[in-house]
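Visitor: I should like to learn how to read the features of a structural model. May we begin once it is displayed?

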Amino acid sequence: MVSYNLTPSTFDGGFKINNLPNFLTDVAGNFMTHHQYFTLSLYTLVTLVFTISIFTIFNPRQTVPKERDHSIPIPMDNIPHTPIEPLKDEYHPSKYRHLYHHLQNPESHPAARNYAWKHLHQLFDITLSKALAFSSPTILSIPKYSRISLMDFLSTAERNTLAQWTSYLSRRSSGGKPEMILNRSHASHFLRLAAPAKYVDGVWLSGLHRSNTPLHLRQITRTAWQILSEELGDGDLARNHVYIYSQLLKSLNTNNKNTTNLGAGDSLLFIDESQNPGKDINSWIAAISQLSLGMFPQELLPEILGFNLAYEAVTLETLVCAHELREVRLDPTYFNLHVTIDNADSGHTAMALHAVIELMKTCKSIEEEDNTWRRVQAGYTLAQGLSVNPRPLTQVELDVLEIFSNKCGAATSAHLRCKAHIGGAKGMKLGEWMDPEKWEERKYTFLEVLGSSSWVVPGRPEESKLIQEISWKGRMFGAFTVNETTVLKNWISEMSTVSAIEQFERDIEQAKGSYIRFIGSRPPVLNPQDIDPVHHTTIETDSEDLILPEIPEIPSELPINIVPKNFDPCRLLLAASTPLQHYLSSSTKSATRRGMIVLKTLRVLNGLADVGNLIAGMDEVTNPSGLGVIELAQRLHSNQAQVQPMQLELDTNWNWLNSTSLSPESNFWFLIGVQYALVFLMHSPEAFGVMDDDISTKMQEISIRVKEELEALGFRVNEESKRGFWMTINTVIREAA
Ligand SMILES: [Fe+2]
């Protein structure tokens with residue numbers, strides 16, 4: 001096998017920009033002066049690197065683009081492409097936890113997209129079916145869209161929330177008990193159960209503003225994307241909502257089953273019932289709807305904006321949670337943020353409303369307006385119909401807890417030798433659960449775990465081992481009084497004989513078709529993915545004795561005349577928006593320092609200014625701070641007096657970029673190299689024939705800002721980043737060849 005004579009120092013200071021009349025001779029001359037060992041022309045070198053990259057990075061079978069078919073709509077029930085991986089059994093208690101995990105990790109579970117599509121339609125069915133049966137006014141009470149009607153509806157909803165809040169404060173000031181968070185130990189329990197949805201905050205907006213977003217919708221999606229950016233902290237981890245929530249959970253007493261080893265939102269630990277117990281499926285279902293919406297930005301834009309409009313409104317629950325967390329001396333920042341940042345004047349409520357109003361303006365006929373409005377309503381109804389909070393405890397549950405609380409001291413010694421575990425194999429012995437020192441912090445989880453255990457047959461107290469054991473001839477006979485036994489029996493009787501999941505599945509069956517009937521005869525169709533995601537693999541070769549060349553360093557300069565004269569700068573700008581555009585589809589992975597750098601990079605590429613320690617809110621809507629790369633490309637395109645509208649698809653030379661960008665986590669360092677190369681080239685707009693000074697300046701500004709952000713990652717020594725860099729340079733050269 002040939003061993004190539006390339007060294008990392010090959011490019012260091014080896015080029016001079018703008019002062020070389022002939023590309024090849026100048027490069028050769030320059031190198032012959034300073035690097036006598038360099039024997040290849042630049043063109044040979046980059047072609048070689050390209051060949052190596054193709055050979056080492058991609059499995060050719062994966063890079064063959066699929067033939068596109070835009071002609072046949074795909075019925076919603078006939079989901080194409082990837083075969084569906086088996087999830088859990090139909091009514092398995094963990095079914096939705098597993099779906100949540102797959103959606104949090106779509107790179108490892110590509111079929112999750114299909115499940116998401118199907119499940120989302122079921123959720124639209126259920127929530128619409130229930131809302132249509134309401135007697136009180138809902139957004140469905142506005143049969144035809146008008147801006148005034150919508151604003152009136154939202155104002156009324158806001159006034160109602162305020163009235164409920166005032167009434168709550170009045171109840172509390174006259175001695176009423178807390179209504180959501182009963183005490184500090186309950187807070188721990190409550191916050192843990194609510195975590196699935198809190199860990200995906202904002203994810204429904206994650207796909208809206210991408211390189212293939214139609215140009216006429218980009219002002220709208222930019223506003224929505226800015227909301228996402230603010231949810232994610234605008235690049236400051238301390239302000240990232242998911243991070244703030246995770247810190248809140250960490251701040252709780254970690255020496256108990258409520259928060260121990262809860263894991264990150266995308267971890268297997270997080271869905272493990274022995275570590276994170278709970279029968280309540282509300283928060284899991286709500287989170288699944290949010291993750292799923294984020295996967296279909298093109299197919300479900302009206303639904304997403306409708307969902308966002310409802311979700312960004314300040315709710316009574318948020319106000320109460322903030323108030324009651326403060327009462328138990330826990331940090332209410334997460335909930336406070338959702339009161340302040342979501343305000344209807346300059347915050348997310350106002351931005352969400354603006355996005356919907358602007359979307360409705362794009363409708364070109366009454367029929368289109370009616371259809372779009374119904375889809376906005378469906379999205380709004382979805383958000384309103386899915387509770388993100390755990391259900392409150394009933395009075396009987398509180399009574400049961402009180403009985404066990406009174407007995408826990410005596411029970412500990414009585415159960416020292418008892419081997420029975422409550423909470424499955426990984427649960428705890430009864431004596432451990434009843435440890436008086438830990439009882440207060442564990443009791444809510446105990447109730448949850450006991451109710452789900454083999455000691456209880458829901459709805460059937462007489463058949464329950466718990467009741468049998470405390471009755472005559474049982475091992476705990478005499479431990480509970482008649483009244484206490486009655487309370488325990490009532491508790492079991494109140495439990496539904498149908499599990500929450502089974503009931504949910506029945507609701508799905510009953511509501512089937514509600515969404516399609518409501519929005520009309522033209523349901524959205526799932527767009528087939530043109531290109532499959534590619535997971536970057538290092539080396540794939542059948543040859544065992546292949547000696548690969550060392551990949552050259554990423555240079556600090558390149559001669560601008562490596563760019564072919566006929567290269568269209570619009571293509572460069574379009575490509576520059578692509579590498580990291582799918583990264584934010586995981587809220588959990590975004591809530592990291594790396595995620596913040598990606599977010600800041602995307603903010604620059606989307607034309608958003610650095611806001612420091614503040615929030616732009618509606619300022620960006622009324623006075624946008626800058627143009628993004630796609631908008632710059634659009635300007636260049638119109639400067640060229642092109643008749644055809646600008647194409648938002650890169651040509652097939654760039655298929656590798658589209659494919660790898662779909663798996664941003666596994667291809668991260670490669671994509672960073674790609675992103676760097678693209679902004680590197682943007683710093684020399686003249687090389688691409690950009691004559692407009694204003695656009696040139698903006699391209700250079702974006703280039704400088706993005707390079708600064710990326711440098712913080714320290715990617716230059718990363719081999720994958722080097723590959724990404726040279727792959728990009730080669731593609732630019734080849735595209736025009
Ligand atoms: Fe949030």
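Guide: The expected span of a helix is 1.5 Å times one less than its number of residues. For the twelve residues of H13 this should give 16 Å, and its end C-alpha atoms lie 17 Å apart, which agrees. This is a predicted model, in which local features need pLDDT of at least 70 and side-chain atom pairs count only at pLDDT 80 or more, while totals for chains, interfaces and linings use all residues. Residues are numbered from 1 along each chain as its sequence is written.

Visitor: Which residues of H13 are buried?

Guide: A residue is buried if 20 or more other C-beta atoms lie within 10 Å of its own, exposed if 12 or fewer, and partly exposed in between, with C-beta atoms placed from the backbone. In H13 the buried residues are Thr 318, Leu 319, Val 320, Cys 321, His 323, Glu 324 and Leu 325. They pack against helix H6 (147–173), helix H7 (184–198) and helix H14 (333–340); a contact requires C-beta atoms, placed from the backbone, within 7 Å. After H13 comes Arg 329, with a positive phi near 60°.

Visitor: How are helices H28 and H31 oriented to each other?

Guide: Axes are lines fitted to C-alpha atoms, for helices over the stretch in contact, and angles run from 0 to 180 degrees between N-to-C directions. Angles under 35 degrees count as roughly parallel, over 145 as roughly antiparallel, 65 to 115 as roughly perpendicular and the rest as oblique. The axes of H28 (residues 629–639) and H31 (residues 693–711) cross at roughly 160° and come within 11 Å, so the two helices are roughly antiparallel. Val 629, Leu 632, Arg 635 and Leu 636 of H28 meet Ile 695, Lys 698, Met 699 and Ile 702 of H31.

Visitor: Where does Thr 592 lie?

Guide: Thr 592 is in the loop between helix H25 (587–590) and helix H26 (593–605). Thr 592 counts as partly exposed because it has 16 C-beta neighbours inside 10 Å.

Visitor: What does the secondary structure of the chain come to?

Guide: The chain has 32 helices and two strands, and 43% of its 737 residues are buried. Among contacts between residues at least 6 apart in sequence, 78% join residues at least 24 apart.

Technical notes: Helices (H or I, at least four residues) and strands (E, at least two) are DSSP runs, numbered from the N terminus. Two residues are in contact if their C-beta atoms, placed from the backbone, lie within 7 Å.
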